[in-house]
Amino acid sequence: MAFLTLTNIQKSFGLVQVVHNFNMGIEKGEFVSFLGPSGCGKTTILRMIAGFETPSGGSVVINGKDQGALKPNQRNIGMVFQAYALFPNMNVHDNVAFGLKVAGASKTDIDIRVKQMLGLIKLEHLADRFPYQLSGGQQQRVALARALAVKPQVLLLDEPLSALDAKIRISLREEIRQIQQQLGITTVFVTHDQEEALSISDRIVVMNAGRADQIGTPFEIYNTPATRFVASFVGTLNIIEGKVADPATGAVTIGGQRIALKEPIAGLKGGDSISLALRPEAASIAEGSKGDTSLPGEVVSTSFLGSVIRTKLRVGDDVISFDMFNDPGITPPVAGENVSLRFAAKDLLVIRE
Amino acid sequence: MKAQRLGAWIAIAIGASYFIIPLLGTLEFSLRMRRGAYSFDAYESVFADLQFRETFGYSMLMAVLTIAFGMLLVVPTAYWVRLRLPQVRPIVEFVTLLPLVIPAIVIVFGYLRLYNSSSILPLTGSTSGTNALLMFSYMTLSLPYMYRAVDTAMRAIDVRTLTEAAESLGAKWPTILFRCIFPNVMSGVLSGAFITFAIVMGEFTMAALLNRPAFGPYLQLVGANKAYEPSALAVIAFAITWLSMGLIQLVSRFQKSASPKA
Ligand SMILES: Nc1ncnc2c1ncn2[C@@H]1O[C@H](COP(=O)(O)OP(=O)(O)OP(=O)(O)O)[C@@H](O)[C@H]1O
Ligand SMILES: [Mg+2]
């Protein structure tokens with residue numbers, strides 16, 4: 001059995017069910033991200049793990065112990081909030097020491113542990129500062145140290161980086177990941193930023209309207225999205241509509257053209273509509289580029305994103321975007337230009353609704 | 001622009017004179033007890049009066065008790081309402097405002113009917129009971145100010161998240177309330193306390209009708225029977241009020257430098 005097991009978790013607020021039948025096992029030391037759009041129930045699940053909400057059904061088991069009867073202050077779960085939530089009346093040292101004091105640790109033990117924690121977040125020199133004298137990133141690191149000081153069984157982070165600006169967000173997420181690995185602490189991280197989730201997680205849960213659409217490694221989630229929702233939410237996958245020509249051989253038609261997929265199509269019959277996904281970096285319009293398949297299209301727009309140029313192309317009824325590396329030697333396509341989009345048929349993924 | 005500024009200064013000057021001239025007049029009068037020379041005789045006479053010391057001490061004690069019990073009532077209530085019962089907040093606010101709408105004399109007659117010596121809870125039957133009743137009535141009178149001050153201070157901190165942060169660190173509610181919430185709403189608690197102090201020191205109706213030896217009725221008594229002492233007392237009362245206000249300012253400034261959010 002996994003270290004943290006969520007079984008058939010349900011949650012309703014009044015008549016509205018916001019979490020449906022959520023099942024998941026998280027291994028000890030694993031870093032799992034809950035990824036999903038606003039309102040999909042990420043925070044609600046996290047709060048049920050922490051004990052701030054009571055599930056309408058199902059169970060939360062940590063280390064073999066059912067948490068149902070335990071209050072939040074009996075669960076030993078570390079929590080980091082989006083709004084930092086440091087105690088304004090206490091300085092950094094006292095904030096980090098709070099949980100230890102509550103647990104009745106001796107003053108020497110507290111001082112040793114606090115020092116250790118501040119070393120971990122590299123803020124030893126700010127121990128006497130009050131929260132208002134710290135930047136957002138520093139405050140969040142103190143909040144992390146405070147949560148970790150009591151050696152919690154599980155660390156929960158609810159969008160800890162969303163109040164910070166882009167640069168700090170990236171450096172702090174790497175720091176969090178590094179500290180997590182160093183301590184080997186089981187961690188659940190909530191975010192609605194797919195890049196954040198992809199870059200630091202062992203596994204990602206992509207949530208959609210209170211359900212887990214897919215649970216998998218960042219590699220699996222990005223490369224083989226299970227549903228259309230996952231495909232569009234994670235990365236910027238293109239969806240191309242086609243028709244099944246022959247399910248047994250995996251043949252489809254797109255814009256009148258017959259294309260062979262890499263494998264047979266299960267569960268559909270000839271003539272059914274089918275959605276196929278193509279990653280932006282798997283297609284190209286350059287002459288002589290790789291790929292066994294080409295589709296004619298018209299350029300809608302191009303945008304310059306620094307290292308890549310993202311072009312939107314109309315193919316049949318679909319608008320597809322694809323990336324090419326920036327290269328001073330080539331001229332970017334212009335709107336209205338007719339081009340052909342090349343890609344390998346094996347890169348097309350069948351998407352379930 | 002210049003003219004506008006001048007206008008503003010004139011308005012301020014008129015307002016100030018409306019306020020300052022009577023005050024100076026009172027002060028000047030209070031110093032004229034000795035014929036032909038300014039002196040502090042009136043003040044000496046006031047301070048020498050045993051009754052002054054008794055009533056002043058009594059009211060001070062009542063004020064301190066009112067503040068202590070009031071805060072024990074108001075802080076947890078405001079906290080609980082913010083945390084768990086946000087939907088009843090308008091009702092609680094309305095209730096706390098009632099003492100401003102209902103005249104003190106109505107309240108005190110209500111008390112006398114409810115708690116007279118032949119009722120189930122005969123508070124007025126004994127001195128200590130009456131003292132308790134007076135303190136409760138002071139709590140009622142100061143409720144609008146106390147609740148508002150504390151609630152405003154709570155708005156400045158995220159009570160709910162702070163509570164959850166403390167809970168996840170293993171804290172139980174007394175720790176949360178006294179270590180994490182109280183210190184952060186201290187500015188509100190203190191400004192509520194000073195207002196309460198000023199109210200209790202000057203209150204007349206409740207104390208007179210419950211027949212307790214408070215400062216308010218004493219002021220009235222002296223005012224009716226002496227010439228110079230009332231002015232001296234007025235100046236003293238005024239100084240106490242200003243001291244309270246100054247302390248509110250000082251405390252809120254101190255709080256600001258300890259935490260910008262409060
Ligand atoms: N206490 C509550 N009472 C009623 N409805 C609630 C409550 N808390 C959350 N909800 C509803 O539950 C749904 C899920 O909320 P939740 O906070 O879990 O979303 P989320 O995925 O964390 O979103 P976000 O990314 O915006 O934080 C939302 O529709 C929200 O309105
Ligand atoms: Mg949320």
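1. A:Val61 has A:Asp66, in β5(A), as its bridge partner. The model is predicted. Strand β4, residues 57-62 of chain A, runs antiparallel to β5(A), and 2 bridges join them.

2. These strands belong to an open sheet of 4 strands in chain A. The order is β2-β1-β4-β5, with antiparallel pairing.

3. Helix α1 of chain A covers residues 42-50. It lies across β1 (4-13), β2 and β4 of chain A. Its direction is at about 120° to β1(A).

4. Now the interface. In chain A, 22 residues are in contact with 22 residues of chain B. The two chains, A and B, bury about 2000 Å² between them. Carbon and sulfur atoms carry 63% of that area. Of the area that chain A buries against chain B, 27% comes from A:Asn73, A:Pro88 and A:Tyr132, more than from any other three residues.

5. Which side chains meet in a salt bridge? They are those of A:Arg47 and B:Glu164, at 2.8 Å, N to O. The count between chain A and chain B is 1 salt bridge. Polar contacts across the interface of chain A and chain B come to 4 residue pairs, both residues at pLDDT 80 or more.

6. On the side of chain A that touches chain B, β6 (77-80), α2 (92-102) and α4 (136-149) of chain A each supply at least two residues. The largest share, 4 residues, comes from α2(A). By class, this side of chain A has 16 nonpolar, 3 polar and 3 charged residues.

Key:
Residues numbered from 1 in each chain as written. Chains lettered and ligands numbered in written order. Predicted model: local features only at pLDDT ≥ 70, side-chain atom pairs only at ≥ 80, totals over all residues. Heavy atoms only, no water. Pairing = 2+ DSSP bridges. Contact = heavy atoms within 4.5 Å. Axes fitted to C-alpha atoms, helices over the stretch in contact; angles between N-to-C directions. Buried area = accessible area lost by both parts, 1.4 Å probe. Salt bridge = Lys/Arg side-chain N within 4 Å of Asp/Glu carboxyl O. Polar contact = N/O pair within 3.5 Å; in protein donor to acceptor, adjacent residues only side chain to side chain. Nonpolar A, V, L, I, M, F, W, Y, C, P; charged D, E, K, R; others polar.
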